[in-house]
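Let's take a walk through this structure together. Keep the sequence and the 3D view open as you read.

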Amino acid sequence: MIKFKLNGKKVQGEEGQFILQVAEKYGVEIPTLCHHKALEPAGMCRLCTVELFDGRRTRFVTACNYPIWEGMEIRTDTDSVHEGRKLIVELLLARCPDVPIINELAVQYDLKEPRFKIRDDTCILCGLCTRICDKMGNSAIGLTGRGVDMKVDTPFQDQSEVCLGCGACISVCPTGHLKIEDIAKHTVKPIPSEYDAGLASRRPIYVPYAQAVPNTPAIDRSVCVHFKTGGCKICAEFCPVEAIDHSQQDEVVELDVGSIILAPGFEAFDPSRFDSYGYAKLPNVVTALEFERILSATGPYMGHLIRPSDKKEPKKIGWLQCVGSRDLNRCDNAYCSSVCCMYAIKQTVISREHSTEPLDCAVFYMDMRTHGKDFDKYYENAKKGGVRFVRSRIHSIDPVPGTDDISVRYIQEDGTIAAEIFDMFVLSVGLEINQDVADLSERIGIELDDYRFTQTDSFHPVATSVPGIYACGAFTGPKDIPQSVMEASASACAATEHLASARNTRTKILELPPERDVGEEPPKIGVFICNCGINIGGVVRVPEVATYAKTLPNVAYVEENLFSCSQDTQEKMTDIIKQKGLNRVVVAACTPKTHEPLFQETLINASLNKYLFEMANIRNHDSWVHSGDPDAATQKAKDLVRMAVAKTNLLTPLKQTDLAVTHSALVIGGGIAGMTAAVSLAHQGYPVDLVERSDTLGGNALLLGKTHKNEDVGSFVTELVKAVESQDLISMHTQTSISNVEGFVGNFKTELRNGESVKTVEHGVTIIATGAKEYKPDEYLYGEHPAVMTHLELDGLFQNNDPRIEQAKNVVFIQCVGSRDDQRPYCSKVCCTHSVKSALDFKQKNPDVNVSILFRDMRTYGKREDLYREARAAGVLFFTYSPDQKPEVRSDGDRVIVEFTDRILNHKLAVRADILCLASSIVSHWDHPLAQLFKVPLDSNGWLLEAHQKLRPVDFANDGIFMCGMAHYPKPIEESIAQAQAAAARASTVLALENIKVGGIVSDICAELCSGCLGCINVCPYGAITFDDQKFVAEVNAALCKGCGACAAVCPSEAPALMGFNNNQLYAQIKSALSI
Amino acid sequence: MKEDRFEPKIIAFMCNWCAYGAADLAGVSRLAYPPNIRPIRVMCSATISPHHILRAFQSGADGVLVGG
């Protein structure tokens, strides 16, 4: 350590440091122009000149490159120092009169007009650019010429071929003298950010996005200068924990696994190959994925809806559907991408929410395919809200000359041509499989279809052609998030079914130290304050917060950490807690949402109860949002620490107890979904009680003919029933209903009733797969005329080889009978495909038959689109109708006359039909009693309501109960099976546990304070509170309580307390927050 | 908080599952906002009763935000 005097004060620095570095540490400002932390100091600009007294005489030295020595005396603000600097600035000002940074310095030194000859240069010859270029390992520029002719230039003043366009020179130039196009021969483009779909740029070392897992930066070797020249490595020099290692190599890791799941996802279709849409040329024509980023709060424009060309708010936006989908003419994607209609509608709705002015949104579509749960309602609401939906296929998107606007011409439904001008146009691009994924599939030998999706059959939706390899998500066919999540769980189920015997064979048991009883001890709080690198420390003055924390009541220890969450700090923290005998801990760092479990683990390792812990969020809620105001941020950090300490003083240890899990399942419903779930669970090794209300297994599938892939449903059901019957672990209960349910996750007791006999089964989980039924229409002469029938009835004719099938000359299908109306405002999802498939079956039996399908939107989503195309090729006629102009049916002997208006010809047509098939909707069984017994909700259409429509599509909000099949929503067989496998997988996450943890942050009712008013029971959303008639008090079942604290808020006597968040703790936080 | 002009003190009760996470995301997105709120994490906004709100005002809060 070297000691010397700086402006009269004693300071110290380390051997080898320069004056500037030490001055910076002590907050003494010295102006610089040619200095950069990443570069060796050069002393070029002389602006950092300071006065050195060596004991005998005074002289001037440059602070940036003069090494410190013991006993020296430095003055940075004497008159002669200022005079010297003033002269340098005056000279620079004469050389570069228009450079902002020099002008600022001139103002500081009170210089108006330099005394020297004015020139018009912008370079101050500081040499930063040439030095950094050298550091990049790439001397593309240098200082050329001598004396007054010296300048920064490339060899021979030509644009440089060796310049990599890294931009380091531009980034360090203090005056803005350099232009990359003067230096680099090739065009330099920013590195497009993948996350922002190329709308923003990123650096060569980057975190892909804020929520990325793992959330550590990665170096993109393809663009990092170091990997091109061997130079730079500045990141490694700057990293305070020396985490960057450029010498790391790719390694091949061999894993020994029992099965493989492929979830490689999709790639959005690239529309730049279509000239007519102008995507490559017109900046305001964007893909839906780009538009998604524009709308996102974390996107390139921070969620502000503006168009890329001029950053103006658009007033009119158009969407074009089916770009790269349902298209065999200009690309090979004949399939429907399934998700684009819905995402386009969502984008219209969100755009209108984001827009400050009324926004005109128009969606140009062929068929609006909103076949998912609640999607049709969303579509209708968007229409009501004023979004325009135009059934038209736009040929080309053109620029409006002289503007950035976009013009389109299209044919309206009445045949007239319209032209419109839009500010922006969004291309609803489809989903496709990446070439890399196709290559991977070839390497591992799984079969793909013509579109590169996996070749799967309807009955094994996640199985690839290779046993033991499963696939999920868009790889098995285009699909949305809920279906992808279901398939993800389904493939986990399929993969583990065959690995059941290996379960827990490689598990390591974690040994935890015994918990120390701190009950009688007075609070002794340790406060650990994290700098989070520079994330917190760069804004909040952490040492000041630490000093402050020491003054707070019962704080026994305070420490600053660079990264509190790092492995070594965790170990150190454990030791300190033990050494200092701390019994409560506050960590002031980031958010408890991500880091609480980690620090709680540290407490456990230090023998403390994990609930004796509190976090003060001084990063996400402070330094990151108040970076412009370090004073206020530091004050807020102190307040947050004080609030956390106030609460921590009142924290008590909370107990979690183990409850044994009953390792068996109850599956309700013996259709395809229920049977699949039962068989899957039995394969996992768990006993299953399978309950069916009728006398046979099979459900609706018993009435179905073929799947859309032409697989025979009947023979599959027979096999599945056999599999159920031959499984020893499955107990079948037909003609059985549920009469009572008690218990909770891991410990249910359910009463099964078969006539008079009642049996109680104990089970750990429940799967509800009660199915749905076909709607019996009350229109179009259904039930009155023998030629009119539903799909299931028509399938019956096909299965029985009824002569009417082959004899029929005219067949008509009417779609959406009982679906998408006011009474049932949902799409039944399967009927379009069913009708098209049946139409083709008719054509196969008798090619001369005339088949007409009257529809509203043809919803043959995904690969089903192939059938639709096939049907048109086979001569099946398709006519659209609107709900306000429904077809009319009247009897004509054995036949019926179907009259409808063709909307293209705008003419009434009539068909004398031998068979009229009504594509009637699928309706709920409205199982209210069952739903009430399990305390699970039904939505307004009678479908079971999942915990989260996208992310938890088979779970209920209540733990331990899962759903699958059509009781959730109408769906085809492959989706029912995938959901059933998903439910089995989710159920096995409970069944695989020996015990479940109960307690922790749950409500606890103080019996002495309870007056038995039942208020808490009424507000508890989880049915976790019961009333004890004997004691006349309410009691909480900790296994059902989710810790929301609603009971605590509603109780007039404050009898319930939410443990870990009780009123006294909250009051202490409130009081402490406002105590200054 | 600066003394020269009125700066309100706001107590923000934030549900762990939504508003608190939203405030976290505001941080992740570096969305700057005035430093006047003092957040208190709760497990659900349902746990906030009028008592908590009144207590905040009694203790000197100028505003209370319940985010849930």
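Start with helix 4 of chain A, whose buried residues pack against strand 6 (142–144), strand 7 (151–153) and helix 5 (168–172) of chain A. Helices (H or I, at least four residues) and strands (E, at least two) are DSSP runs, numbered from the N terminus. "Buried" has a cut-off too: 20 or more other C-beta atoms, placed from the backbone, lie within 10 Å of the residue's own. This is a predicted model, where local features need pLDDT of at least 70 and side-chain atom pairs count only at pLDDT 80 or more, while totals for chains, interfaces and linings use all residues. Residues are numbered from 1 along each chain as its sequence is written, and chains are lettered from A and ligands numbered from 1 in the order in which they are written.

Helix 4 spans residues 128–135, and seven of its eight residues are buried. Among them are L128(A), I132(A) and C133(A). Just after this helix, G137(A) takes a positive phi of about 80 degrees.

Now hop over to chain B. The C-alpha trace of chain B spans about 35 × 35 × 10 Å along its principal axes, and buried residues make up 40% of its 68 residues.

Where do the chains meet? The contact (C-beta atoms, placed from the backbone, within 7 Å) takes 36 residues from chain A and 33 residues from chain B. On the chain A side, helix 16 (592–605) and helix 18 (630–648) are among the helices that each supply at least two residues.

Notes. Two residues are in contact if their C-beta atoms, placed from the backbone, lie within 7 Å. A residue is buried if 20 or more other C-beta atoms lie within 10 Å of its own, exposed if 12 or fewer, and partly exposed in between; C-beta atoms are placed from the backbone.
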